[in-house]
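Trainee: Could you walk me through this one? I'd like to start with the ligand and then look at the helices and loops.

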Amino acid sequence: MTSQMSDQNSLAFAQQQDEADPLKKFRERFLFPQHEGRDVVYFTGNSLGLQPKTVRESILQELDDWAAHGVEGHFEARRPWFPYHEILTEQAARLVGAKPVEVVVMNQLTVNLHLLLVSFYRPYGRRCKILCEHKAFPSDQYAMESHAVFHTYDPAEAIIEVKPREGEYAIRTEDILAAIEEHKDELALVLFGGVNYFTGQLFDMKTITAAAHKAGARAGFDLAHAAGNVELHLHDWNVDFACWCSYKYLNSGPGSVAGAFVHERHAKSELPRFAGWWGYDKTTRFKMEKGFIAMPGAEGWQLSNAPVFSMAAHKAALEIFDEAGMPALTAKSEKLTAYLERIIDEISATQPGGKKLEIITPRDKTQRGCQLSVVAHGRGKELFKQLLDNGVIVDWREPNVIRMAPVPLYNSFEDVWRFGETLKKALQS
Ligand SMILES: *Cc1c(COP(=O)(O)O)cnc(C)c1O
């Protein structure tokens, strides 16, 4: 078999692109796992982002301040622990297109989703259903199911999933809007992922939110695969609530602290919530009195005092995002992912009919971030294993999907080219 590769599928072309990349210096800020004496091709930043070199120092500072001050560190640490979450708010808000009052960093993702569902899934009468995407991330499915049960509904009836059409992988926006219209009298909430974890489809959050509101429902988004991956304008889009984790595209370390957004229009609302002392008005919190008085805005949903070590990691990671900026990151992301798409298509074209590599992520760049999901027809898990054995880190989802995310902060065009070379070799054997 001869392969018909374009000029672009060459090391020289990839290196030229890297030379011209205004973000190329950011790669040096990260620690790469090694394979045979060189950096792996790390395409799993959608699962666990790489460690910024500054994280170690940031955490050590808190360890040292704890050693030096003990409990006094709450006020005496270089970054005092008492208001620690506040040092993350502005950067996190910029990342998701929000006002500072709308954002808080706290807990972990599924916890935040539950807390926000408590407040924003308020079924009453006929208006008791949640509309969501087919095959939402399992944790989100369990969260929705358990809230349906908590409110004494049968999840099979209370949760409506919008599916892709027969033979398609992405869910059409028109079908989402039609489903909202069809169920408009029974919807309490529309809850979608920002980017679907499996297909990599980016949903039109602005349009979905407007349709949900028109139907009289609320709109929330799980941004686990969207935060740090695509540009977000949660405030302008009028989203009611959102939550995200910090360990995927945001590079803040395994299980690190998460984020939450509550739109400003709910900032002073009396929405019911599950409360804790850290959500209490901070000016009088330490009077330790009965009767909860919420902090205005997203901070009013906090439960506990700040987990300083994971926040220290998150702080170091957010600094990098702030410096690079989402507009520059998304501009590079589009090019890098388009390059990967091209290389996969060219390699697929050399494969016999039953063994094509089918990209199931939307081709339209407005409907995806940097992740591509590929169905390897007629191949099993050994293809994935061969990539791993050759220093290319992607992930495998049964039965035959390979997910890969060239992230603009630390991946290069050369990484994409090397991926292609490794893939070609793996397919030949
Ligand atoms: C990664 C991910 C999660 C994981 O939840 P944790 O609470 O952080 O373990 C949940 N939902 C979505 C959509 C995800 O992508």
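Mentor: First a term: a polar contact is a pair of N or O atoms within 3.5 Å; within protein, one must be able to donate a hydrogen and the other to accept it, and residues adjacent in sequence count only if both atoms are side-chain atoms. This is a predicted model, where local features need pLDDT of at least 70, side-chain atom pairs count only at pLDDT 80 or more, and totals for chains, interfaces and linings use all residues. Residues are numbered from 1 along each chain as its sequence is written, and side-chain values use heavy atoms, with hydrogens and water left out.

Trainee: Which side chain has an N or O atom 2.5 Å from an oxygen atom of the ligand?

Mentor: Threonine 110 puts a polar side-chain atom 2.6 Å from a ligand oxygen, and aspartate 140 puts one 2.6 Å from a ligand nitrogen. The 2.5 Å pair, again to a ligand oxygen, belongs to tyrosine 247.

Trainee: How much of the ligand's area does the protein bury?

Mentor: Areas here come from the Shrake-Rupley method with a 1.4 Å probe. Taken alone, the ligand exposes 390 Å², and the share of that buried by the protein is 82%.

Trainee: At what angle do H2 and H11 pack?

Mentor: Helices are DSSP runs of H or I with at least four residues, strands are E runs of at least two, and both are numbered from the N terminus. Axes are lines fitted to C-alpha atoms, for helices over the stretch in contact, and angles run from 0 to 180 degrees between N-to-C directions. H2 covers residues 54-69 and H11 covers 308-324; their axes are 8 Å apart, and the angle is about 145 degrees.

Trainee: Which residues does aspartate 281 touch, leaving out those up to four places away in sequence?

Mentor: Aspartate 281 sits in the loop between strand E12 (258-262) and H11, and its side chain makes a 3.0 Å polar contact with that of threonine 283. Counting contact as heavy atoms within 4.5 Å, the residues touched are Ile293, Ala294 and Met295.

Trainee: What is phi for asparagine 238?

Mentor: Asparagine 238 lies in the loop between helix H10 (234-237) and strand E11 (241-244). Its phi is positive although the residue is not a glycine, with a value near 70 degrees.
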